[in-house]
Every structure is written in C-alpha cells, then in structure tokens.
Amino acid sequence: MDDLSNQSIKLEGDVDCGARRSALRKELVTRIVDDVTTPYEGFFRTVQRAGDRPCLGTRGGPDNKYQWITYNEVHERAANLGSGLVHLGCQPCQTTFVGIYGPNCVEWDLADIACQMYSMISVPIYDTHGAEGCVYIINHADIETIICNGNKLRFIFDNAKQCEKLKRIVKIDEPVSEEEKKEADSLGITLLNILEVQQMGTDSPHEKKPGKPEDIMTVCYTSGTTGTPKGVMLTHGNINAGVAAIQVTYEAGGIQMTAEDCMISYLPLAHMYERLAQALCFFSGMRIGFFQGDVKLLLDDIQELKPTVFPSVPRLLTRMYDKVMAQVMQSKFKKWLFLTALSSKEEDLKRGIVRGDTMWDRIVFKKIKMILGGNVRVIVTGAAPLSVKVMAFFRCAMGACHVLEGYGQTENSAAATLTWLNDTSTGHVGPPLPCNLIKLVDVPEKECYSKDGRGEICLKGPSIFAGYLKAPEKTAETVDKDGWLHTGDIGEWLPSGALKIVDRVKHIFKLAQGEYVAPEKIENIYLRSPLVAQAFIHGDSLRSFVVAIVIPDQEVLEPWARAKKIHGDFAELCENDIVKKAIFDDMVQKGTEGGLNSFEQVKAIHLHNEMFSVENGFLTPTFKTKRPLVSKAFAQKFQELYEEVDKRMQFVRSTSFEIQQVV
C-alpha cells in the first residue's frame with residue numbers, strides 16, 4: 001500500500017482487456033488460508049484454536065452489562081439446532097430453505113450457522129419488503145421452516161393460508177404459549193421453541209454435512225423497488241472470497257484483526273453487508289456484541305461495549321456529524337476552537353498523516369471519539385455515498401482510527417471495492433478488492449465511454465453470485481455471457497486507480513440511508529391527485545429524502561382556486577403558498593393511500609407553470625421524460641428545495657432544544 005498512485009492494475013490481452021484488478025494481488029483470492037474455503041470453516045477454525053474465547057454478547061442481567069457466550073457454546077448450540085431441524089424433517093441438502101425472520105440476536109447467528117453445518121440454505125426475511133413481499137419470499141423460496149421471534153407469529157398466522165408449504169415455526173424468544181400452539185395446530189403448523197429443537201438435536205444427533213464452496217449458502221432477496229423481490233443466490237465460496245479480500249486489504253495496511261477486537265452488531269443481518277462483516281469477525285476470533293434493538297439506545301450500547309470495529313452507513317455518520325456541529329455552533333468560542341482544530345487536522349490528512357496524539361485530539365476531539373466508546377480503530381461505511389465533509393470530519397476527529405469507504409451489491413457478496421487504509425483522499429470508494437475485477441462499459445445515453453475512464457461498473461470474480469433463484473431470464477439480464485455482473489452504477493477511474501461512483505444507469509437511485517427509490521412509481525401515485533398534471537421526483541444519494549417538480553393541472557387548478565377565492569393567472573397561482581401547500585398535502589395523502597414508504601414521500605415541491613413537452617425538449621417523441629435533462633435544468637431549484645427542508649428541520653430542532661431547556 002505504499003504506492004497510492006497505482007492502486008489498481010489495468011489488464012492487457014484478449015481476455016478481460018481493459019479491466020482492472022487490485023494492485024495487492026496478481027491472482028483473485030478465494031481464501032485467506034488453505035484450509036478455509038467456506039465461512040463455516042473459518043468459524044470452526046476459530047472454535048478449534050480459541051473455543052473458550054467470548055463470541056456473541058447480549059446486554060442483560062441486573063447491571064445491563066454484556067453477557068457473553070463462547071465460540072464453543074455457539075458451535076455446540078448451532079450444531080444441536082441443525083441436528084434438531086433434521087430430526088423434525090428438514091433434509092440436510094440444497095433443497096431445504098430455512099427462513100430467518102427476526103432482529104439481530106444470538107439466535108439469528110445460531111440459525112445461520114446451523115444451516116451452514118447441514119448444507120441447508122438460509123433465507124433472511126426482512127420487514128422492509130412489506131407484508132406482500134414477505135409472503136412472496138416465503139412462497140418463492142419454498143420455505144417449510146421459519147425461525148423467528150414471537151412478535152412475527154401474528155403476521156405468519158394471519159398469512160399462513162397463503163403460505164401452503166410452511167410446515168413448522170421455531171420461536172426464538174419466549175416459550176410457546178398454549179394459545180399459540182393451539183392456533184398453529186389449527187393451521188397445520190408445528191410450533192416449537194428453539195430450546196426444544198436444540199434438545200432434540202442433543203438427544204438424536206445427526207452427522208454434520210457442511211456446505212461446500214460451490215453450494216448455495218443463502219438466498220438474499222433484493223428490495224424489489226422495480227417489482228417483486230429477486231432472490232440472490234450466494235455460495236459459501238462467494239462469501240468466503242469477500243472475507244478473504246477484505247482480510248488481505250486490512251493486512252496490507254498493517255491491520256490484523258484478533259480476538260482482542262470487538263464489533264457492534266446493529267446493521268440488519270438480513271443484508272449481506274452485516275453478514276460479511278460477521279463472517280470476518282468469526283474468522284478472526286473477534287467478539288460481536290448485539291445492540292438492544294432500539295436505534296435510540298445504540299450510542300448507549302456502544303458506550304458499554306466499546307467496540308474496536310464500527311461498520312456503519314452514511315445516514316448514521318451524518319447524523320452524528322450534524323449533532324456535533326449543532327453543539328459547536330451554540331458558542332462562538334466553541335465554533336472558532338473546533339474549526340481551528342479541524343483545519344489543523346485536515347492539513348495533516350493532506351500530507352497523509354493519520355494520528356491521534358495532537359493537542360487538538362486531547363482538547364477538542366476526545367469527547368467526539370468517546371461517542372463511539374473510545375476504542376474504535378476501524379470505521380467502514382458503505383451502502384450509499386458518504387459526503388466528503390463528513391468523511392473528512394471523522395478522519396480528523398477519530399484520531400488514529402482508519403475511516404474507510406467501500407462499494408458493493410448483494411449480487412457480489414456486498415464488497416467490490418474498499419479504500420486503502422493509508423489513503424486519506426476523499427470522494428471515491430477505493431480500488432477493486434482482490435476478489436474481483438472491475439471494468440467500465442459504455443453508456444451512450446449518459447454520454448459515458450470507457451475510453452474516457454467512465455462507464456457502467458461491471459464486476460467479475462469468485463465473489464459474484466450464482467444467479468437469481470428460479471429466474472434465469474433475470475440472471476441473463478444482469479450477468480452477460482462472459483460472466484460480467486452489470487451493476488447499473490456508473491463509475492469513473494481516478495488517476496490513482498481508485499473508483500469514483502458517478503451515477504445510476506437506470507432511473508432508480510439510492511438515498512443516503514441505502515434505500516432504493518423508483519421515481520416513476522412514485523410519480524404515478526402522485527398523478528392520482530386531480531391537481532397534479534406532471535411530477536418529477538428527484539433524489540440525491542447524499543440526502544435521505546426526495547423532492548419534486550410539479551406541474552399543476554391548469555384546468556383543475558384554476559376553478560379550484562376561484563372556489564377558494566384565490567386570485568391570479570396560472571403562473572401566479574403556481575407562486576401562491578396556499579396553492580402549493582394544498583397540492584403538497586394532497587400528494588402526501590395520495591402517497592399514503594398508495595402505500596409509499598416514508599422515504600418515498602416528497603418533503604418539498606416546486607410548482608412549475610409549463611408542461612414538459614416534446615417541443616421544450618423534456619419529453620421524447622414517445623412522451624417519456626428525459627430525466628437527465630430535467631435534472632440538469634432544475635439543478636438549482638432542487639438545491640433550493642433541499643435547503644428549504646434543511647431550514648425547516650433546523651427550526652424544528654432549535655425549537656425542540658429551547659423547549660427542553662425550559663423544561
């Protein structure tokens with residue numbers, strides 16, 4: 001990692017010509033050590049070497065301290081659970097799909113490891129799919145067994161008749177009540193507590209049958225914003241390659257994860273980002289402490305756990321940044337002191353110096369570092385872009401802690417790139433990880449060409465998924481005949497060989513919290529408002545909400561305005577605040593009726609008085625919106641809308657703070 005100017009190497013020759021690989025390895029990695037070809041083998045290696053070390057922790061007891069179970073205990077309980085499932089009729093093979101439906105907890109990991117030990121395929125079920133999506137997943141994956149916490153029972157019972165193949169439910173928290181058992185029996189479902197199943201495995205042990213590298217380990221369903229969720233089939237080898245690549249990158253930067261390290265688990269285990277992070281922890285013998293399940297208590301959990309590794313997402317880091325800045329701005333002296341310290345540390349970063357022993361670290365940044373417990377030495381952010389100012393802030397404030405940014409998708413086991421540990425530059429997501437190649441292909445409609453170092457990001461290597469479950473046609477749309485995964489994202493190669501994410505190929509975009517938004521779906525719902533003739537939804541990957549340009553329906557608006565005794569021509573009505581609020585409120589109501597999530601609802605709108613048309617260049621001859629042109633034309637207006645929301649939220653926070661002070 002000494003040469004930051006050559007972080008990736010361009011391949012020559014006929015095969016994969018123009019693609020780039022990591023400068024850290026000539027060959028793509030699939031494992032970090034010879035005897036670890038799957039995540040389970042990595043976990044079992046730690047069991048054999050340090051089985052008595054703490055593995056998983058949960059807060060509890062009289063003092064609400066973390067209570068730990070060892071690697072040996074996790075292994076034994078997972079083995080018994082897997083054996084118990086086999087005893088109940090789950091075949092230890094690749095045709096058995098086990099649903100895991102619940103929060104991050106010890107039992108979630110036990111279920112996942114049990115599936116790995118008996119060649120079953122785990123299928124995470126997550127509430128963000130919505131009720132319809134969850135039922136679809138259960139049926140699409142032919143799930144006969146669901147392992148879940150008690151508060152999911154009501155949903156499963158209510159939808160059991162739609163899930164004809166569901167045979168058994170394993171409850172992971174409280175004992176099964178008589179009422180629950182009776183209702184399950186009436187639906188033809190066997191309902192057991194996880195301890196009962198583990199005991200079955202203890203009493204009737206079955207021989208383990210761990211999955212092989214080429215076997216499917218999990219089917220992780222995408223959010224389905226473009227339709228029904230797609231089941232991404234990931235093999236044991238896929239995920240192991242991702243773990244190995246991150247380990248190689250860490251070691252090249254002088255970081256070795258050990259049993260002394262600890263990670264806080266709060267990002268959803270239903271997402272591959274968290275599961276990949278945990279697989280790395282298991283291989284390294286690290287401790288994993290679960291948060292209590294309430295994001296509002298996360299910082300309290302962190303204070304107690306004092307993690308050394310903190311995987312995160314831009315939305316959380318940005319919230320922390322905003323909180324610190326709000327406190328700093330309350331005093332002119334604090335503001336001056338903080339900005340002076342930040343400027344000094346930024347100068348160090350520009351020279352490639354990462355340190356935590358300056359005067360500013362002791363005087364200014366110590367309290368900020370303590371927000372994350374005081375021991376964090378690696379922060380990794382992903383799922384959406386992190387703004388340059390927030391990245392620079394954390395690199396300054398966290399001292400010797402490495403703050404890294406990565407890029408990936410579910411289809412490539414969550415990790416395709418990662419910034420090098422000693423690279424203090426910002427605005428990019430690092431070079432390819434040594435588990436995959438990356439090439440950019442032309443996107444003429446976006447005027448992006450690979451010859452200019454821009455294009456759609458395509459990935460190839462041992463971490464790329466095995467395809468979509470029961471959907472070969474969708475797989476063929478995503479993975480070409482040469483094995484390249486087309487991500488739908490546009491990237492740009494920087495002179496250093498690092499990759500910068502530029503845009504989306506398709507209209508779908510990702511918000512700061514990692515949620516995908518399909519703007520045309522939202523627009524079609526808002527068009528149900530009689531006052532709306534056209535709507536254009538706009539989102540920014542550095543923002544957590546969407547805004548819109550709205551063209552009112554003139555024929556409806558003008559009579560409506562006269563009835564409300566609001567005067568003016570159409571252009572004047574579009575400038576009227578009462579009109580704007582009425583249209584905004586009606587849109588939000590239609591959005592609620594149409595089932596939009598909170599992040600899909602607009603937070604601000606601008607009323608435009610000219611229809612998008614072929615003549616003014618905003619529509620194609622087939623009357624499709626030219627989205628890039630509209631985005632460019634209204635760029636300043638979108639910025640104003642974001643600032644409008646920011647001021648509104650700042651006022652709310654300020655008012656709330658004043659009320660709290662009075663109270």
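**Figure 1. Burial of asparagine 149.** Asparagine 149 counts as buried because its relative accessibility is 9%, where buried means under 20% relative accessible area, exposed over 50% and partly exposed in between (1.4 Å probe, protein chains only). The model is predicted: local features need pLDDT of at least 70, side-chain atom pairs count only at pLDDT 80 or more, and totals for chains, interfaces and linings use all residues. Residues are numbered from 1 along each chain as its sequence is written, and side-chain values use heavy atoms, with hydrogens and water left out.

**Figure 2. The loop that holds asparagine 149.** This residue lies in the loop between strand E7 (145–148) and helix H5 (153–159). Helices (H or I, at least four residues) and strands (E, at least two) are DSSP runs, numbered from the N terminus. The chain contains 21 helices and 27 strands.

**Figure 3. The surroundings of asparagine 149.** Its side chain forms a polar contact with the side chain of asparagine 151 (2.9 Å). A polar contact is a pair of N or O atoms within 3.5 Å; within protein, one must be able to donate a hydrogen and the other to accept it, and residues adjacent in sequence count only if both atoms are side-chain atoms. Leaving aside residues up to four places away in sequence, asparagine 149 touches Tyr101, Gly102, Pro103, Ile172 and Asp173 (contact means heavy atoms within 4.5 Å).

**Figure 4. The chain around the close-up views.** Buried residues make up 54% of the 663 residues in the chain. Of the contacts between residues at least 6 apart in sequence, 66% join residues at least 24 apart. The C-alpha atoms fill a box of roughly 80 × 70 × 65 Å, taken along the principal axes.
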